[in-house]
Protein chains: 2
Amino acid sequence: MPTIRPAAFVLAAALLASVPIGPAASAQSPTTLAIIPAPTSVTRASGRFPVDTATTIVMDANASAAVEDVARQLADLLAPSVGATRRLAAGAAAPRRSIHLTLSGADASLGEEGYTLVVGTDRVVIAANSPAGLFHGVQTVRQLLPTSVEYRAALNRGLAIPAVRIVDSPRFAWRGAMLDVTRHFLPLDAVKAYVDVMALYKLNRLHLHLSDDQGWRIEIRSRPELTRIGGASEVGGGPGGYYTQAEYSDLVAYAARRHIMIVPEIDMPGHTNAALASIPALNCDNKARPIYTGTRVGFSTVCVESDTTYAVITDILRELAELTPGPYLHIGGDEVEKLTHKQYITFVERVQGIVQAQGKQMIGWGEIAPAALDPSTIVQHWKKDSSAVHAARGGKVILSPNTRVYLDQKYDAETALGLKWAGLIEVRDSYDWDPATQIPGVPERSVLGVEAPLWSETLYRPSDFQFMAFPRLVAVAEVAWSAPAVRSWPGFRTRLGAHGPRLSALGVNFYRSPQIDWQKSGFIP
Amino acid sequence: MPTIRPAAFVLAAALLASVPIGPAASAQSPTTLAIIPAPTSVTRASGRFPVDTATTIVMDANASAAVEDVARQLADLLAPSVGATRRLAAGAAAPRRSIHLTLSGADASLGEEGYTLVVGTDRVVIAANSPAGLFHGVQTVRQLLPTSVEYRAALNRGLAIPAVRIVDSPRFAWRGAMLDVTRHFLPLDAVKAYVDVMALYKLNRLHLHLSDDQGWRIEIRSRPELTRIGGASEVGGGPGGYYTQAEYSDLVAYAARRHIMIVPEIDMPGHTNAALASIPALNCDNKARPIYTGTRVGFSTVCVESDTTYAVITDILRELAELTPGPYLHIGGDEVEKLTHKQYITFVERVQGIVQAQGKQMIGWGEIAPAALDPSTIVQHWKKDSSAVHAARGGKVILSPNTRVYLDQKYDAETALGLKWAGLIEVRDSYDWDPATQIPGVPERSVLGVEAPLWSETLYRPSDFQFMAFPRLVAVAEVAWSAPAVRSWPGFRTRLGAHGPRLSALGVNFYRSPQIDWQKSGFIP
């Protein structure tokens, strides 16, 4: 990871010049800090900032509730070493032995999510333009602390932060993961645990695939049969499950504290058998379809010629829009085999109108690109498609190329879980690609970001989901966040090896890829 | 693992002579089968028994509900390949392509827990003297199947069992694990997950440490203040928790299906601060003690001169006895610093009477040995103590030497979790010792078995508990089950390496000890 000093850093360093930092320790390579995703700029200094009972966490006098919450999460991480957070008096400087979270002094070029972090032997300052930037800065602090910080009850954790100056901001605005909770239902606690790990790696979008042929996973109060019937099945014949609206809202809030937005998907017009089994009127023959617990795709569709269908869709999307503070509703749109092209396109355009009437932006899988989409609509590329058409009309594209980031695909021929129709995907395959050149006709300016879907046909236990996601999702996080100049497979591979103990400490059942030299301690030797 | 053919095996082989088995494949070493704990005798043959939709699981016409339940658990493991289990007609032979569970034909010398397993290319027979023996035989079958069998939703699992003849029975009757759910509370689901892994390794006793200075974890209906006050704290100030009687009974039944007995411990007269905080009358000054959330020991005691104390203890042990079908009540008795020797001994003897009045056998930590114990009372050795005195009076001893099987001790100097007052304990330390020679004056005939305690001062997440327990508990399982002649560190080390993927498939966050060559597939190369 080369050291880069963009203008923002020079400015920040000048503003924070009162922080005492020793001379740069040229003998130490920057890559000995195992930060993932790689920051824009890392400059090591000598010495360490010890975290102990003398350490305080401070914020500015006028800090908002959101800033205070970031401070509280840092205090929780460092407990019991560090006590309550506190506000500085108006105009007061941060005291010695403090970690200072501030919205002053960060350069505008860092954007909404960037931050600067200056760790001196006597003081730490995280500066950003928003609470999200401070939160990301805290995640970097966390990764600079030893793995022991992740063990809530471990004794004598020996917490200290190496002196360093970091300037950092994301390459892409959309850094996402998708969970398929339909083929096998994933309990809320397991989703929250997934969110926890996403936050550590500065991912900011969790796309929930909430409906499919095998199950319906979100309570719709005006259409209770969707969960009563469609919520009680899954692949293989298990009991299924669903989230109540209260649980969904709880998850939205849980993710929001970690600066992750929930993006709900109701897949349509295909992948709808669970709905077709629940509401007979969604079928052109008005007959409920039988529950389906296999793994085929493409066989289902709602009746696109019936006004009843659109009334039901409106009810569903209205309730989902009310529950979802984020601006996006994902309507799926993939793998429809039972409609003509014209029927399909007409359906997509009509649903786009329904989404917009709810005040939301529509997202759909790549198949929707040929429709007359509004430029504000977002296309999620997953296989060879017409994304370039959407880019040409000024629309944005989320990249989920199945040969790179489909986390349900096997790592190698020995992987017992997963599928392999898109190929075997080892960690390096998920890492070693550039979003700017992935699709002809979709240049970097048209790329909103990257998202890694995890389909769950073969996944049963929460640990199964984790095994397929990690560490590939960590690689995807760096693809989405880090500038090309600071990304390299050898560097990532080394840093990831040092993250093994941290993932283990978080209880993540990750794949010990033979491509990685997994370290026993959290340090790079 | 040398091949041994005891009398029991020859008999079983004769009885099962109708099972077609190819000639012994001398080119294949028996150790290429990764069975833990090592069986008494393993003889490989050629060929495999494929498990597919043509496979059936059958039991004898007169099979009990307990046998049927073992068959059902095997069917669940093999689903969806194998359908429902079925009973044979009276006197009918098991058909081709069947796995036959039978209580006929096993030699009496196999005891209550032993079994024979004969896998031919066309038929599998598990024979035992009890459902427990059949259950253990099923665990061996499970370990002979590829790791993919543990993934409930994986596709194309390729299930097949290598042809083999196994005769097996345990060395010790008591093969235990202890969970400290007091210092940090462990939710019921996490305890069940622990039971699941114990069952795979033929452990048969789960000792629950239900009360200590920092928390009270079991509902006592006649003394509700114990959980109302004492149940709401834990080390570090977290919320604590407790099991209702219904939850405890649910766990007893869950474990019983897996042929594991629950052994409840109420620690007394010391390690009682949570009770002293809940019930003022347990203190000689009649004043409730403050809640304690630190990690010191030895400071607490109930008032041993007060009849009220014994009335409370009687209430507690009566309710616990009613909830516990197993014959044992553990009364702790360790680390008492606030009583004279005479006070302590008198207390232990009086409590022994209370336990016996409930129709139960008493167990206590090694400190109780100098009291006038009934020979039916069991002493649990954990440090240098007077266990030999108890052995000399004909009593039995459970071995929990802290330098070998204290799972809360660090693996090495880098381990962030755990303590180290008993020393660093790597996997080999937990494996390489002989219960028959561990304590001078306690010969093998006095050793009831082995138990590995997991104290939880430093453990917070369920994955923390797993990290410290595994793989050391797997080593202890072999120490307790396997005959000295079939045990060796090189053999165990190789087999354990092949169990890594299986533990991962079960979602166990285990320590990747550098002493082990962890395999990526479940096979020994």
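**Aromatic rings**

One aromatic cluster is formed by W365(A), W382(A), Y406(A), W421(A) and W455(A). The model is predicted, so local features need pLDDT of at least 70 and side-chain atom pairs count only at pLDDT 80 or more, while totals for chains, interfaces and linings use all residues. Residues are numbered from 1 along each chain as its sequence is written, chains are lettered from A and ligands numbered from 1 in the order in which they are written, and side-chain values use heavy atoms, with hydrogens and water left out.

Over all chains there are 34 aromatic pairs. Rings of Phe, Tyr and Trp (its six-membered ring) pair if their centres lie within 6.5 Å; planes under 30 degrees apart count as stacked, over 60 as edge-to-face and the rest as tilted. One pair is F185(A) with Y243(A): the ring centres are 4.9 Å apart and the planes are at 45 degrees, so this pair is tilted. F185(A) is buried, at 15% relative accessible area, and Y243(A) is buried at 2%. Buried means under 20% relative accessible area, exposed over 50%, and partly exposed in between (1.4 Å probe, protein chains only).

Another pair, Y411(A) and Y511(A), is stacked, with 3.8 Å from centre to centre and 25 degrees between the planes. Y411(A) is buried, with a relative accessible area of 1%, and Y511(A) counts as buried at 5%.
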